[in-house]
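Please read it with the model open.

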Amino acid sequence: MRYLKLAAAAAAVAVLTACGGSAEPAAAPPPPTEVAEPAPPSEAAEAEPSTEAPQVDACALVPKEDAEKLAGTPLEDPVPVRETCTYTGPTSGPLAQVEVYVGDGAKKILDVDRDLDHEFETLSGIGDEAYLEDGAVFFHAAGVWVAIRLVRLDDPAKYDKPLTELARTVAGRL
(Lines give C-alpha, C1' and ligand atoms only; values in the text may rest on other atoms or scores of the structure.)
Protein backbone atom coordinates (compact mmCIF):
# COMPACT_ATOMS: atom_id res chain seq x y z
CA MET A 1 0.00 0.00 0.00
CA ARG A 2 2.83 2.32 0.87
CA TYR A 3 4.43 1.78 -2.57
CA LEU A 4 1.16 2.63 -4.30
CA LYS A 5 0.98 5.98 -2.49
CA LEU A 6 4.57 6.77 -3.44
CA ALA A 7 3.96 5.81 -7.07
CA ALA A 8 0.80 7.94 -7.23
CA ALA A 9 2.59 10.93 -5.70
CA ALA A 10 5.48 10.59 -8.17
CA ALA A 11 3.07 10.38 -11.10
CA ALA A 12 1.20 13.47 -9.92
CA VAL A 13 4.43 15.45 -9.60
CA ALA A 14 5.49 14.37 -13.09
CA VAL A 15 2.14 15.41 -14.63
CA LEU A 16 2.08 18.78 -12.86
CA THR A 17 5.67 19.51 -13.87
CA ALA A 18 5.00 18.64 -17.50
CA CYS A 19 1.89 20.83 -17.61
CA GLY A 20 3.46 23.79 -15.85
CA GLY A 21 5.22 25.27 -18.90
CA SER A 22 5.52 29.04 -19.30
CA ALA A 23 3.11 31.08 -21.43
CA GLU A 24 5.93 32.82 -23.31
CA PRO A 25 7.26 31.25 -26.51
CA ALA A 26 10.69 29.76 -26.43
CA ALA A 27 13.51 32.06 -27.48
CA ALA A 28 15.10 31.47 -30.86
CA PRO A 29 18.41 29.66 -30.73
CA PRO A 30 21.49 31.85 -31.06
CA PRO A 31 22.95 32.16 -34.56
CA PRO A 32 25.78 29.74 -35.32
CA THR A 33 29.25 31.08 -34.72
CA GLU A 34 32.12 30.43 -37.05
CA VAL A 35 34.88 28.25 -35.72
CA ALA A 36 38.32 29.55 -36.53
CA GLU A 37 40.66 26.89 -37.90
CA PRO A 38 43.81 26.44 -35.87
CA ALA A 39 46.88 27.98 -37.39
CA PRO A 40 49.48 25.53 -38.70
CA PRO A 41 52.46 25.08 -36.38
CA SER A 42 55.28 27.46 -37.03
CA GLU A 43 58.60 26.23 -38.36
CA ALA A 44 60.27 27.24 -35.10
CA ALA A 45 58.00 24.91 -33.13
CA GLU A 46 58.72 22.02 -35.51
CA ALA A 47 62.47 22.50 -35.25
CA GLU A 48 62.61 22.14 -31.47
CA PRO A 49 64.43 18.95 -30.42
CA SER A 50 62.34 16.38 -28.61
CA THR A 51 63.38 15.28 -25.13
CA GLU A 52 61.24 12.14 -25.33
CA ALA A 53 62.83 8.74 -25.79
CA PRO A 54 62.67 7.41 -29.35
CA GLN A 55 59.72 5.20 -30.28
CA VAL A 56 60.79 1.56 -30.40
CA ASP A 57 58.80 -1.42 -31.68
CA ALA A 58 58.85 -4.01 -28.88
CA CYS A 59 58.16 -6.92 -31.27
CA ALA A 60 61.05 -5.83 -33.51
CA LEU A 61 63.38 -5.72 -30.50
CA VAL A 62 62.55 -9.31 -29.56
CA PRO A 63 61.50 -11.23 -32.66
CA LYS A 64 59.62 -14.51 -32.34
CA GLU A 65 62.75 -16.63 -32.84
CA ASP A 66 64.47 -14.92 -29.89
CA ALA A 67 61.36 -15.29 -27.71
CA GLU A 68 61.13 -19.00 -28.55
CA LYS A 69 64.82 -19.50 -27.78
CA LEU A 70 64.34 -17.81 -24.39
CA ALA A 71 61.20 -19.79 -23.54
CA GLY A 72 62.63 -23.05 -24.87
CA THR A 73 59.38 -23.86 -26.66
CA PRO A 74 57.40 -22.81 -29.74
CA LEU A 75 55.26 -19.71 -29.22
CA GLU A 76 52.27 -18.16 -30.94
CA ASP A 77 52.63 -15.06 -33.14
CA PRO A 78 53.24 -11.83 -31.22
CA VAL A 79 50.46 -9.61 -29.94
CA PRO A 80 51.65 -5.99 -29.95
CA VAL A 81 49.81 -3.43 -27.82
CA ARG A 82 51.24 0.11 -27.71
CA GLU A 83 54.79 -0.25 -26.30
CA THR A 84 54.46 -3.96 -25.49
CA CYS A 85 54.73 -7.28 -27.25
CA THR A 86 53.51 -10.61 -25.88
CA TYR A 87 54.24 -14.12 -27.12
CA THR A 88 52.22 -16.94 -25.58
CA GLY A 89 52.70 -20.66 -25.67
CA PRO A 90 50.28 -22.85 -27.62
CA THR A 91 47.13 -23.99 -25.83
CA SER A 92 48.43 -27.55 -26.03
CA GLY A 93 51.33 -26.53 -23.79
CA PRO A 94 53.77 -26.16 -22.27
CA LEU A 95 52.87 -23.03 -20.34
CA ALA A 96 55.08 -20.21 -21.59
CA GLN A 97 54.83 -16.48 -22.10
CA VAL A 98 57.39 -13.84 -23.08
CA GLU A 99 56.48 -10.21 -22.48
CA VAL A 100 58.46 -7.24 -23.79
CA TYR A 101 57.87 -3.74 -22.45
CA VAL A 102 59.53 -0.62 -23.86
CA GLY A 103 59.63 2.89 -22.39
CA ASP A 104 57.99 4.22 -19.25
CA GLY A 105 56.04 0.99 -18.66
CA ALA A 106 59.26 -1.01 -18.43
CA LYS A 107 60.68 1.42 -15.86
CA LYS A 108 57.41 1.39 -13.91
CA ILE A 109 57.51 -2.42 -13.60
CA LEU A 110 61.06 -2.18 -12.24
CA ASP A 111 60.03 0.53 -9.76
CA VAL A 112 57.03 -1.49 -8.55
CA ASP A 113 59.16 -4.61 -8.12
CA ARG A 114 61.69 -2.57 -6.12
CA ASP A 115 58.89 -1.21 -3.92
CA LEU A 116 57.82 -4.83 -3.33
CA ASP A 117 61.38 -5.64 -2.19
CA HIS A 118 62.13 -8.08 -5.00
CA GLU A 119 65.73 -9.24 -5.13
CA PHE A 120 67.81 -7.95 -8.05
CA GLU A 121 71.20 -8.75 -9.44
CA THR A 122 73.00 -5.86 -11.13
CA LEU A 123 74.25 -6.85 -14.58
CA SER A 124 77.29 -5.23 -16.16
CA GLY A 125 78.01 -4.59 -19.82
CA ILE A 126 74.35 -4.21 -20.80
CA GLY A 127 73.36 -0.65 -21.68
CA ASP A 128 73.67 2.11 -19.09
CA GLU A 129 72.25 -0.04 -16.30
CA ALA A 130 70.69 -3.49 -16.12
CA TYR A 131 69.05 -5.68 -13.48
CA LEU A 132 68.01 -9.31 -13.32
CA GLU A 133 65.34 -10.78 -11.08
CA ASP A 134 63.53 -14.12 -11.11
CA GLY A 135 61.91 -14.35 -14.53
CA ALA A 136 62.72 -10.84 -15.72
CA VAL A 137 65.47 -8.55 -16.91
CA PHE A 138 65.39 -4.74 -17.02
CA PHE A 139 67.86 -2.46 -18.77
CA HIS A 140 68.32 1.10 -19.92
CA ALA A 141 70.14 1.69 -23.21
CA ALA A 142 70.12 4.49 -25.80
CA GLY A 143 67.68 6.47 -23.63
CA VAL A 144 65.09 3.67 -23.55
CA TRP A 145 64.01 1.34 -20.73
CA VAL A 146 63.24 -2.25 -21.71
CA ALA A 147 61.79 -5.06 -19.60
CA ILE A 148 61.66 -8.67 -20.73
CA ARG A 149 59.61 -11.04 -18.59
CA LEU A 150 59.37 -14.80 -18.92
CA VAL A 151 56.62 -16.93 -17.45
CA ARG A 152 57.41 -20.65 -17.15
CA LEU A 153 56.64 -23.25 -14.52
CA ASP A 154 60.30 -24.25 -14.21
CA ASP A 155 62.84 -22.95 -11.71
CA PRO A 156 63.35 -19.26 -12.67
CA ALA A 157 67.11 -19.57 -12.07
CA LYS A 158 67.24 -21.89 -15.09
CA TYR A 159 66.47 -18.85 -17.27
CA ASP A 160 68.91 -16.32 -15.76
CA LYS A 161 71.57 -16.90 -18.41
CA PRO A 162 69.15 -16.85 -21.40
CA LEU A 163 67.50 -13.67 -20.05
CA THR A 164 70.90 -11.98 -19.61
CA GLU A 165 72.03 -13.02 -23.10
CA LEU A 166 68.80 -11.76 -24.67
CA ALA A 167 69.11 -8.45 -22.80
CA ARG A 168 72.65 -8.03 -24.15
CA THR A 169 71.44 -8.76 -27.70
CA VAL A 170 68.44 -6.41 -27.46
CA ALA A 171 70.53 -3.59 -25.94
CA GLY A 172 72.79 -3.87 -28.98
CA ARG A 173 69.77 -3.37 -31.25
CA LEU A 174 68.85 -0.04 -29.67
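The numbered points below go from the whole chain to the sheet, the cores and a few single residues.

1. Basis of the note. This is a predicted model, in which local features need pLDDT of at least 70, side-chain atom pairs count only at pLDDT 80 or more, and totals for chains, interfaces and linings use all residues. Residues are numbered from 1 along each chain as its sequence is written, and side-chain values use heavy atoms, with hydrogens and water left out.

2. Overall make-up. The protein chain has six helices and seven strands; these are DSSP runs numbered from the N terminus, helices being H or I of at least four residues and strands E of at least two. Read from the N terminus, the order is α-α-α-α-β-β-β-α-β-β-β-β-α. Of the 174 residues, 29% count as buried, where buried means under 20% relative accessible area, exposed over 50%, and partly exposed in between (1.4 Å probe, protein chains only).

3. Surface and contacts. The protein chain exposes about 11900 Å², and carbon and sulfur atoms supply 56% of this area; accessible areas come from the Shrake-Rupley method with a 1.4 Å probe, and for residues only the protein chains shown count as cover. Among contacts with a separation of 6 or more, 49% join residues 24 or more positions apart. Contact here means heavy atoms within 4.5 Å.

4. The sheet. Seven strands form an open sheet with antiparallel pairing, in the order E1-E2-E3-E7-E6-E5-E4; two strands pair if DSSP finds at least two bridges between them. Strand E1 (79-81) and strand E4 (121-123) are at the edges with a single partner strand each, so one side of each has no neighbour in the sheet. From one strand to the next the twist averages 15 degrees.

5. Pairings within the sheet. Strands E3 and E7 run antiparallel and are joined by six bridges, with Glu-99 opposite Arg-149 in E7. E6 and E7 are also antiparallel, over six bridges, and His-140 has Trp-145 in E7 as its bridge partner. Two residues lie between the strands in the hairpin of E6 and E7, where Ala-142 takes a positive phi near 55 degrees. E5 and E6 pair in the antiparallel sense over five bridges, and Glu-133 faces Ala-136 in E6. In E7, six of the eight residues are buried.

6. The cores. The largest nonpolar core has 31 residues, and those with the most contacts inside it are Val-62, Val-98, Phe-139, Ile-148 and Val-170. Such a core is a set of buried Ala, Val, Leu, Ile, Met, Phe, Trp, Tyr and Cys residues joined through side-chain atoms within 4.5 Å. Elements giving two or more residues to this core include helix H3 (58-61), helix H4 (64-71), strand E3 (97-102), strand E7 (144-151) and helix H6 (160-173). H6 gives the largest share, five residues. A second, separate core has nine residues, among them Tyr-101, Ala-106, Ile-109 and Phe-138.

7. Helix H6 against the sheet. H6 lies across E4, E5, E6 and E7 and runs at about 20 degrees to E6; axes are lines fitted to C-alpha atoms, for helices over the stretch in contact, and angles run from 0 to 180 degrees between N-to-C directions. Val-170 is in H6 and counts as buried, because its relative accessibility is 0%. Leaving out residues up to four places away in sequence, Val-170 touches Leu-61, Val-62, Phe-139, Val-146 and Ile-148. Val-170 and Ile-148 are 22 residues apart in sequence, and their C-alpha atoms are 9.8 Å apart.

8. Thr-164. This residue is also placed in helix H6, and Thr-164 counts as buried at 13% relative accessibility. A polar atom of the Thr-164 side chain lies 2.8 Å from the backbone oxygen of Asp-160. Not counting residues up to four places away in sequence, Thr-164 touches Leu-123, Ile-126 and Leu-132.

9. Is Glu-121 buried, partly exposed or exposed? At 45% relative accessibility, Glu-121 counts as partly exposed. Glu-121 lies in strand E4. Apart from neighbours within four places in sequence, Glu-121 is in contact with Ala-130, Tyr-131 and Leu-132. Tyr-131 is ten residues from Glu-121 along the chain, with 5.5 Å between the C-alpha atoms.

Key: Polar contact = N/O pair within 3.5 Å; in protein donor to acceptor, adjacent residues only side chain to side chain.
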